[in-house]
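Here's a quick tour for anyone opening this structure for the first time. Take a look at the sequence and the model, then work through the points below.

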Amino acid sequence: MQVCRAAYSYFENHYSAAGKHTHHSHTVRNRRSPPGTVSMDDIVGNTHSTISAPSDQKKKKRPRRVVGPKPKLNKVEKSDDIEDINFAKDETLEIRVSLLKWYDENQRDLPWRRISCKGEDGEDVEESDKRAYAVWVSEVMLQQTRVQTVIDYFNKWMEKWPTLYHLSQASLEEVNEMWAGLGYYRRARFLLEGAKMIVEEGGGFPKAVPALRKVKGIGDYTAGAIASIAFKQVVPVVDGNVVRVIARLKAISTNPKDTVTVKKIWKLAGQLVDPCRPGDFNQALMELGATVCTPSSPSCDGCPISSKCQALLLSGCHDSVQVTDYPMKVVKSKQRHDFAAVTVVEILEGPNMEDHAQSNSKFVLVKRADKGLLAGLWEFPSVLLGGEADSAMRREVINRFLKSSFSLDPSKSCDIVSREDVGEYVHVFSHIRLKMYVELMVLRIKGFWNKRQGGDGIKWKFVDRQTLSSMGLTSGVRKVYSMIENYNQSRVSSLRAEARPRKVTRKSRN
Ligand code: SF4
């Protein structure tokens with residue numbers, strides 16, 4: 001283990017002289033991947049959600065630090081002002097040493113941690129820009145989903161765009177396709193725009209936090225991660241995992257989303273970060289939160305810094321206190337409920353009108369607006385509804401949309417081969433619960449149809465089955481398409497079953 005020598009000697013001298021140092025043997029069993037969900041709001045959850053640094057926060061009234069949940073206050077300790085909480089020098093050094101030792105022995109082998117190459121002198125050297133790019137991509141992806149899911153996306157991404165320059169040459173459509181299924185497509189767009197910006201400016205990857213913060217899509221968290229991991233800058237990184245660990249270490253149960261608490265946690269994280277191995281230390285703290293100090297079942301027995309944990313100390317002294325009381329649970333804001341009519345328009349071009357799977361049919365895809373939810377992504381024609389709506393009402397709004405957008409009038413310019421409700425599907429975004437009513441409309445065009453015409457500036461295209469299956473589609477669109485596939489499959493099976501000659505039984509012959 002490499003640790004800052006000055007820190008080590010201070011730590012060893014101090015503790016051996018005082019006779020206070022006790023060696024902790026820590027084993028972490030059943031290490032788990034962070035079940036990182038994606039919500040930016042869920043900072044008390046076991047996520048990789050990021051927390052903005054104090055610079056972006058407005059001043060608010062200073063909260064009081066509450067030791068233990070409110071009703072238990074009388075039984076526990078006095079309340080201190082959160083501003084007074086700090087890590088003592090000795091405490092800091094012990095946490096650094098223990099945590100880095102644990103990290104060296106337990107860190108997960110992840111592809112973005114492996115990115116380094118051989119230098120000309122034959123020694124292992126880091127290509128810091130390449131590493132910064134890898135850290136950037138991986139950190140943005142980790143804000144979306146679990147580590148295990150990210151590994152696959154990350155490897156494919158780096159294979160396609162191994163450097164910042166390669167990414168800067170990509171199109172938004174390619175990036176969206178690669179990102180399909182991860183959600184928060186705005187972040188993928190920012191990655192692309194940020195890459196273009198850095199390449200256009202020509203000065204290489206910015207190294208310091210203030211310069212990194214100027215790059216599109218790089219916030220406080222990502223800037224801290226890139227600066228410390230790729231460029232060894234001694235700066236902290238605070239995500240939901242770090243908030244949880246520090247809140248427990250210091251028994252802080254004020255609202256972790258409160259401006260002053262956020263500011264304090266950044267300050268405390270800044271006190272802890274190891275000056276010799278800042279990147280490793282930040283990763284160790286996040287990894288501890290993700291794998292040991294989890295939201296609902298922390299493994300305190302295997303925690304390398306348990307001797308410094310005030311939440312653990314309090315829980316040992318008071319039956320009414322648990323380490324999971326820290327930090328305070330924040331009630332999530334209510335989700336908005338939206339409703340949409342989604343129509344998969346299948347246009348038959350082949351001879352066999354009954355067997356859709358065999359025909360040369362094509363599907364209409366519409367490009368969403370360049371701003372807002374799922375900006376610039378392809379989807380089946382859909383219209384937002386004011387609320388729950390019956391089938392007749394949904395068909396009416398969809399007919400109007402098809403006519404105004406594609407000059408496609410189901411009652412005049414086409415033969416409607418079939419039109420059936422396929423089912424409902426609820427897609428949950430972080431703040432919206434979208435209920436989609438899915439129908440399949442199979443058409444055969446009558447006469448001439450000017451396919452180029454698209455009203456209201458709507459972009460759309462025709463794609464065949466093969467293209468649709470291989471395209472990078474959002475998980476919501478993919479789910480709708482699989483509903484259609486299943487529906488068609490069962491329809492074809494029942495048509496075939498009906499067409500099969502029935503066995504003539506003795507009874508029927510009589
Ligand atoms: S002792 Fe338990 S609660 Fe405290 S930091 Fe370690 S895992 Fe978290």
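**Getting your bearings**

Leaving aside neighbours within four places in sequence, I226 is in contact with A132, V135, W136 and L212. Keep in mind that you're looking at a predicted model. I226 and V135 come up again in the core, so that's where we'll go next, since they are among the residues there that touch the most other members.

**The nonpolar core**

- The largest nonpolar core has 115 residues, and the ones touching the most other members are L99, V135, I226, V242, I246 and A269.
- Helix α3, covering residues 128-142, gives the most to this core, with 9 residues.
- Domain 1 (5-107 + 124-325) and domain 2 (337-499) both give residues to the core, so the core lies between them.
- As background, nonpolar side chains tend to be buried together in soluble globular proteins.

**Around the ligand**

- The ligand is surrounded by 14 residues, and the closest are C293, C300, C303, S306 and C309.
- Two elements give two or more residues to this shell: α10 (240-249) and α13 (310-317).
- Of the elements, α10 gives the most to the shell, with 3 residues.
- By type, the shell around the ligand splits into 12 nonpolar residues, 1 polar and 1 charged.

**The chain as a whole**

- You'll find 17 helices and 11 strands in the protein chain.
- The protein chain has 510 residues, and 37% of them count as buried.
- If you take contacts between residues at least 6 apart in sequence, 70% join residues at least 24 apart.

**A closer look at A211**

- A211 sits in helix α8, which runs over residues 209-213.
- Is A211 buried, exposed or partly exposed? It's partly exposed, because 14 other C-beta atoms lie within 10 Å, while being buried takes 20 or more and being exposed takes 12 or fewer.
- A211 and A227 are 16 residues apart along the chain, and their C-alpha atoms are separated by 10.0 Å.

**How confident is the model?**

- The mean pLDDT of the protein chain is 80, and 76% of its residues reach 70 or more.
- Over residues 56-61 pLDDT stays under 50, and the model has 9 contacts beyond four places in sequence for them.
- Residues 116-126 also stay under 50 in pLDDT, with 7 contacts beyond four places in sequence.

Notes
Residues are numbered from 1 along each chain as its sequence is written. A residue is near a molecule or strand if its C-beta atom, placed from the backbone, lies within 6 Å of it. Helices (H or I, at least four residues) and strands (E, at least two) are DSSP runs, numbered from the N terminus. Ala, Val, Leu, Ile, Met, Phe, Trp, Tyr, Cys and Pro count as nonpolar, Asp, Glu, Lys and Arg as charged, and the others, Gly among them, as polar. A nonpolar core is a set of buried Ala, Val, Leu, Ile, Met, Phe, Trp, Tyr and Cys residues joined through C-beta atoms within 7 Å. Domain bounds come from an automatic or database domain assignment. Two residues are in contact if their C-beta atoms, placed from the backbone, lie within 7 Å. pLDDT is the predictor's confidence in each residue, from 0 to 100.
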